[in-house]
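Subject: Structure handover

Hello,

Here is the structure you will be working with. Please open it beside this email and follow the residue numbers as you read.

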Amino acid sequence: MLTKHLEFSSAQLLSKPTLSLSIRALRGEDDYIDRLKAHDEGAFETMVRRHGARMLATARKLLGNEHDARDALQQAFISAFRSIAGFNADATLSTWLHRIVVNAALMQLRARRRRPELLIEDLLPRFDDAGRWVDESDQTGWGDMHPVHRRETRQMVRRCIDQLPESYRAVLLLREIEDLDIVEVATTLETSPNAIKIRVHRARQALKSLIEREQSVA
């Protein structure tokens, strides 16, 4: 019964919601949630139509290709279907689903072994005995370093990100590509904000080294 609704087409995902965001629709939101918790097929189909396109876009940004993104989306909807009874409205349904699809995408990333991961220590800046950065030729920040609006640069940056160890790749994708704040990333990865700040800083440094390596051989 569930798989029937997971065989969605692009047209379904891009179609406009059948329920408008009118006051009447908002008043029926509690009923809609109750129907979801009762595993009502119609309510589940409405959820796919309302949120599928945005969830797929999130999965695409994190995974970088359509096939893996759709696999993650399917797993996210399966997880949502199975765990909807625990939804307590502390967050909106949209936020709750966003967390689920992000986690599904991260699971896909952990399973990937298409490119070898590099040791983070080999990519971090080196310092001399006086504490100075050995390579001072370019210490610009992430925002100034590369014109990521250019398609070829985005592709190159993505290739470099995919070479990072999984824990660093995940924080960088969530922080820089999915644009979550530090607390949101920490909540998603179930760790402290301070640990995420350190990991993001190290991931940016490592990414800078990888980008410089690729540019040097271009």
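Confidence

Please keep in mind that this is a predicted model. The protein chain has an average pLDDT of 76, and 68% of the residues score at least 70. Among the elements of the chain, helix 6 has the highest mean pLDDT, 92, while helix 8 (residues 142–145) has the lowest, 46. Over residues 16–21 the pLDDT stays under 50, and the model has 7 contacts beyond four places in sequence for them. Residues 127–134 also have a pLDDT below 50, with 11 contacts in the model beyond near neighbours in sequence. Where pLDDT is low, the predicted coordinates should not be read in detail.

The nonpolar core

The largest nonpolar core has 54 residues, and those that touch the most other members are L36, M47, L93, W96, L174 and I196. At least two residues of this core come from each of helix 4 (29–37), helix 5 (41–63), helix 6 (66–83), helix 7, helix 9 (151–161), helix 10, helix 11 and helix 12. Helix 7 gives the most, with 10 residues.

Leaving aside neighbours within four places in sequence, L36 is in contact with A43, F44, M47, I84 and L93.

I78 counts as buried, because its relative accessibility is 13% and the cut-off for buried is under 20%. From C-alpha to C-alpha, I78 is 9.9 Å from I100, and the two are 22 residues apart in sequence.

Aromatic pairs

A pair of aromatic rings is described by the distance of the centres and the angle of the planes. The structure holds 3 aromatic pairs. One of them is F44 with F77, an edge-to-face pair at 6.1 Å centre to centre and with 75° between the planes. F44 belongs to helix 5 and F77 to helix 6, so this pair ties together parts that are 33 residues apart in sequence. Both residues are buried: F44 has a relative accessibility of 3%, and F77 has a relative accessible area of 0%.

Another pair is F87 with W96, which is tilted, with 5.3 Å from centre to centre and 55° between the planes. F87 is buried at a relative accessible area of 7%, and W96 counts as buried at 15% relative accessibility.

Helix 11

Which residues of helix 11 are buried? In this helix (residues 182–189) they are I182, V185, A186, T188 and L189. Seen down the helix axis, the buried residues of helix 11 fall within an arc of 165°, so they line one face of the helix. An α-helix has 3.6 residues a turn, so residues three or four places apart point the same way. What covers the buried residues of helix 11 includes helix 7 (93–111), helix 10 (166–177) and helix 12 (193–217).

The two ends are also worth a look. At the start of helix 11, a side-chain oxygen of D181 comes to within 3.2 Å of the backbone nitrogen of V183. Just after helix 11, E190 has a positive phi of about 55°.

Regards

Key. Residues numbered from 1 in each chain as written. Predicted model: local features only at pLDDT ≥ 70, side-chain atom pairs only at ≥ 80, totals over all residues. Heavy atoms only, no water. Buried < 20%, exposed > 50% of the residue type's maximum accessible area, 1.4 Å probe, protein only. Helix = DSSP H or I, 4+ residues; strand = E, 2+ residues; numbered from the N terminus. Arc of directions from axis to C-beta. Contact = heavy atoms within 4.5 Å. Polar contact = N/O pair within 3.5 Å; in protein donor to acceptor, adjacent residues only side chain to side chain. Core = buried A, V, L, I, M, F, W, Y, C linked by side-chain atoms within 4.5 Å. pLDDT = per-residue confidence, 0-100. Phe/Tyr/Trp six-rings, centres within 6.5 Å; stacked < 30°, edge-to-face > 60°.
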